[in-house]
Amino acid sequence: MKAIVCEQLGPPSSLKYKEVEDLTPKEDEVVIAVKACAINFPDTLIIQGKYQLRPELPFSPGSDIAGVILKTGAEVKDFKEGDEVFGVVPYGGMAEQVCCKTKNIFPKPAGMPYKIAASFLYAYGTSLHALKDRAVLKEGETIAIMGAAGGVGLAAVDIAKKLNARVIACASTTDKLQLCQQYGADEIINYTTEDLKARIKELTNGRGANVIYDPVGSSYTEPALRAMAWKGRYLVVGFAAGEIPKIPLNLPLLKGCAITGVFWGRFTKEEPDKNLKNSLQILDWYKEGKIKPFIDKTFPLSEAAYALELMMNRKVKGKVVIEI
Ligand SMILES: NC(=O)c1ccc[n+]([C@@H]2O[C@H](COP(=O)([O-])OP(=O)(O)OC[C@H]3O[C@@H](n4cnc5c(N)ncnc54)[C@H](OP(=O)(O)O)[C@@H]3O)[C@@H](O)[C@H]2O)c1
């Protein structure tokens, strides 16, 4: 089979597109013929050795997959060859085949395109966990979302609107902000040209936002935290801009607010039943036509390195998908 292979840690340009051995499942595993693999920011980190998960070399990146079951291990009872599935694997998705345990996968709803199925769980799973389980976002509350046109950011906009919150979308270009408006954002802020703290305060009559969703970090974090309402919840989701901010602890004291960590990957392992409920909720919303991932661009497997570079250079909106 063909695969994108990380043989040495480094930027996307160091990845190889090459022929590798076909996969054989262990007794409790399946091999999936991958049809689509959506890119997530952690894929850009794992190949550089900058992510918390550090697979042994060589490995293929890629977690968010959809495809057809090709082979099943002897103990697998709940899936069979030919079943259409989607799910999240630790890595290995940017290849014609990926091997995983069945707890990682769901039956793909009939009629759901592979590229949509591959774009759901990571982004919407993270954002539903953040908004519902960590922030307990309530109807009518205001949430300000950093990086709002990115993968997890746009999913947060989409879900916050389903929860009847008021959304302030914050992003770096007019084009990205227009997409957020199409997804229902009530207000927009270009945080590269406007004063983030002053604008959030202005848009909330001086009270500040009840919840802030931050997958970006860097110099946006402190002004956003300074624009937090009394008893607000600040969601630490990621650091796409690279720098991990250091926060003066007088700020949460003065605002009576919580700074709350969000780690969806660990949540799926620590609380699998709750995660299953969330995943089924996301699927139901999709089937009811209430949410839909935005797919900006698709690429063939041979161009996966280029797709990763676009993401690292802030040149994509919503999801980018490798189609196989
Ligand atoms: N905690 C969790 O469980 C969890 C789960 C999934 C992802 N994450 C993290 O969430 C973050 C976003 O992931 P994603 O897949 O949504 O990525 P993404 O689609 O690339 O979105 C990230 C957004 O960050 C903004 N950004 C600002 N400065 C940037 C820079 N220097 N380089 C790249 N982007 C920059 C960009 O928006 P603007 O151009 O508009 O600023 C971009 O749209 C990552 O740090 C990822 O590791 C965390």
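Two strands count as paired where DSSP finds at least two bridges between them. The legends below describe close-up views of a predicted model.

View A. Six strands, in the order β10-β9-β8-β11-β12-β13, make up an open sheet with parallel pairing. β10 (187-190) and β13 (258-261) each have a single partner strand, so these two stand at the edges and one side of each lacks a neighbour in the sheet. On average, neighbouring strands of this sheet are turned by 20° against each other, direction ignored.

**View B. Pairing of β12 with β13.** Strand β12 (residues 228-236) runs parallel to β13 and is joined to it by four bridges. R233 has A258 of β13 as its bridge partner.

**View C. Helix α3 across the sheet strands.** Helix α3 (residues 121-134) lies across β8 (142-145), β11 (209-214), β12 and β13. Its direction is at about 150° to that of β11.

**View D. Helix α10 and its surroundings.** The 16 residues of helix α10 (residues 272-287) reach 22 Å from the first C-alpha to the last, close to the 22 Å expected at 1.5 Å a residue. N275, N278, S279, I282, L283, W285 and Y286 are buried. Seen down the axis of α10, the buried residues fall within an arc of 160°, so they line one face of the helix. An α-helix has 3.6 residues a turn, so residues three or four places apart point the same way. D273, K277 and K287 are exposed on the other side of α10. The cover over the buried residues includes β5 (84-88), β7 (105-107), α2 (114-117), α3, α4 (151-162) and α9 (264-270). G289, which follows α10, has a positive phi near 75°.

Terms used
Residues are numbered from 1 along each chain as its sequence is written. This is a predicted model: local features need pLDDT of at least 70, side-chain atom pairs count only at pLDDT 80 or more; totals for chains, interfaces and linings use all residues. Side-chain values use heavy atoms; hydrogens and water are left out. Axes are lines fitted to C-alpha atoms, for helices over the stretch in contact, and angles run from 0 to 180 degrees between N-to-C directions. Contact means heavy atoms within 4.5 Å. The expected span of a helix is 1.5 Å times one less than its number of residues. Buried means under 20% relative accessible area, exposed over 50%, partly exposed in between (1.4 Å probe, protein chains only). The arc is that of the directions from the helix axis to the C-beta atoms.
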